[in-house]
Amino acid sequence: MRIFTAALATETNTFSPICIDRRAFEASLYAPPGKHPETPTLCTAPITVGRRVAAEKGWHLIEGTAAWADPAGLVNRATYEMLRGEILGQLRAAQPVDAVVLGLHGAMVADGYEDTEGDLLARVREIVGPDVLVCAELDPHSHLTAKRIAAADFFVFFKEFPHTDFVDRAEDLWRIAVDTLEGRMRPVMSVFDCRMIDVFPTSREPMRSFVDKLIRIENEDPDVLSLSVVHGFMAGDVPEMGTKMVVVTNARLDKGQELARNLGLELFAKRGMFRMPEIDARQAVAEAIAAPVGPVVIADMWDNPGGGTAGDATVVLQELLASGVTDAAIGTIWDPMAVQICMAAGEGAEIPLRFGAKSAPGTGDPIDGIVSIMRLVRNAEMRFGESLAPFGDAAHIRYRGIDIILNSTRAQGFDPSLFSVMGIDPRSKKILVIKSTNHFYASFSKIAAKILYCSAGSPYPNDPTRTPYRHAPRDIWPIASDPHAKRGAA
Ligand SMILES: [Zn+2]
């Protein structure tokens with residue numbers, strides 16, 4: 001067997017002002033054929049798992065380019081076309097192949113392409129013809145379009161959010177691919193449109209039980225090869241945005257359709273119950289002040305660079321200043337220009353500085369004041385599990401008693417080490433403000449007396465009823481109250 005594999009992925013928040021070009025891919029992951037490291041990034045596990053499967057089977061794995069950019073805004077048109085052309089050229093050169101196994105995200109939007117994955121998959125299908133297996137692993141924060149369904153044989157999406165299972169799902173993808181290539185199975189994909197958009201953390205109920213149920217069905221029903229919830233991605237303003245249920249069966253299309261519909265309607269029935277409880281900046285700061293002991297962690301959950309925002313909002317900081325809080329630290333506020341000014345001034349200097357809230361509306365106002373420069377670190381890094389996450393040249397400044405970390409590479413607050421590398425003892429502070437939706441939880445929960453999920457300002461389009469969509473469907477919940485009733489639950 002000759003199998004072609006490649007990866008092209010990023011998550012596009014179409015409302016984000018942080019547009020990305022080829023340099024953004026090169027800064028995150030750009031690996032030409034054969035150069036992908038042994039360990040996968042989020043969307044490239046089909047390559048690393050594929051190496052093992054091909055070695056075991058004695059098959060020939062032809063590796064194309066793997067490219068991943070950290071979530072941000074619109075992808076530059078020439079950059080997408082160049083990466084697409086690179087991968088398609090490699091596929092043409094690899095002909096004939098028996099299968100194409102891809103790592104994608106599913107929410108990439110490029111200038112001129114609202115459905116880049118559909119575009120790529122359709123071109124792959126055109127090259128290999130109708131009889132070659134085409135499949136992909138994707139992130140559930142994606143848009144499942146008709147074009148993609150038509151072009152591919154089947155998809156497997158991560159089940160967990162946070163995405164702890166991206167390697168396990170690549171194993172599923174390859175297991176089904178091997179069974180298909182060896183003639184034991186014929187995968188067909190059934191899709192149900194839940195006509196909703198929501199946020200589905202699997203670390204809490206009711207999504208935890210729903211995902212456990214999917215795994216149980218997969219294990220117990222021999223006709224069912226894979227079940228996925230496509231959560232959808234509400235920050236992507238595209239015509240087919242929304243939550244979908246995907247069932248892959250062994251040639252049982254009707255059974256798959258019925259199961260997809262039943263599971264999809266079960267999700268719809270629980271709409272509005274999945275998200276974590278959120279409070280606003282005023283309530284978060286009041287609760288943090290009132291707490292008997294610290295540190296109280298305030299997660300500025302929607303100004304999360306991991307969701308494509310700039311990460312420079314000052315709304316929570318403004319609230320701390322208005323409340324006269326001094327025993328607090330904030331990590332981080334993205335402001336490369338302010339960092340550059342601090343670097344020029346040097347440690348120990350006291351300077352007038354404008355910082356924060358320069359990139360997007362709904363993020364508060366820039367802060368103007370006399371700040372003390374406490375510590376400067378080039379190429380700062382924080383821990384993230386077993387690895388390190390860079391946050392660029394960084395400045396620890398003190399303003400009206402509050403310790404603030406300014407950074408120059410956008411990064412969410414994964415770990416308390418982001419404070420300690422800048423000379424701040426996170427355990428000694430009453431209040432810690434970080435920018436992360438949920439990935440922070442594992443490490444910060446170990447030092448926090450209390451954790452508050454704070455929705456401050458509007459850096460991220462987290463309320464679909466108020467988001468100024470221009471392309472997304474209107475007949476989905478919560479924009480419409482009961483789209484299934486209107487459509488006769490079709
Ligand atoms: Zn995701």
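Mentor: Start with helix H11: its face turned away from the buried side carries Met337, Gln340 and Ala344, which are exposed (exposed means over 50% relative accessible area, buried under 20%, partly exposed in between, with a 1.4 Å probe and protein chains only). This is a predicted model, where local features need pLDDT of at least 70, side-chain atom pairs count only at pLDDT 80 or more, and totals for chains, interfaces and linings use all residues. Residues are numbered from 1 along each chain as its sequence is written, and side-chain values use heavy atoms, without hydrogens and water.

Trainee: Which residues of H11 are called buried?

Mentor: Ala338, Val339, Cys342 and Met343 are the buried residues of H11 (336-345). Seen down the axis of H11, they fall within an arc of 140°, so they line one face of the helix. The arc is that of the directions from the helix axis to the C-beta atoms.

Trainee: What do the buried residues of H11 pack against?

Mentor: Strands S12 (350-355), S13 (367-384), S14 (387-399) and S15 (402-407). Contact means heavy atoms within 4.5 Å. Helices (H or I, at least four residues) and strands (E, at least two) are DSSP runs, numbered from the N terminus.

Trainee: Why are S2 and S6 said to stand at the edges?

Mentor: Take the open sheet of six strands, in the order S2-S3-S1-S4-S5-S6. Strands pair if DSSP finds at least two bridges between them. S2 (29-31) and S6 (154-157) each have a single partner strand, so one side of each is left without a neighbour in the sheet.

Trainee: In which sense do S1 and S4 pair?

Mentor: Parallel, over six bridges. Ala6 stands opposite Leu102 in S4.
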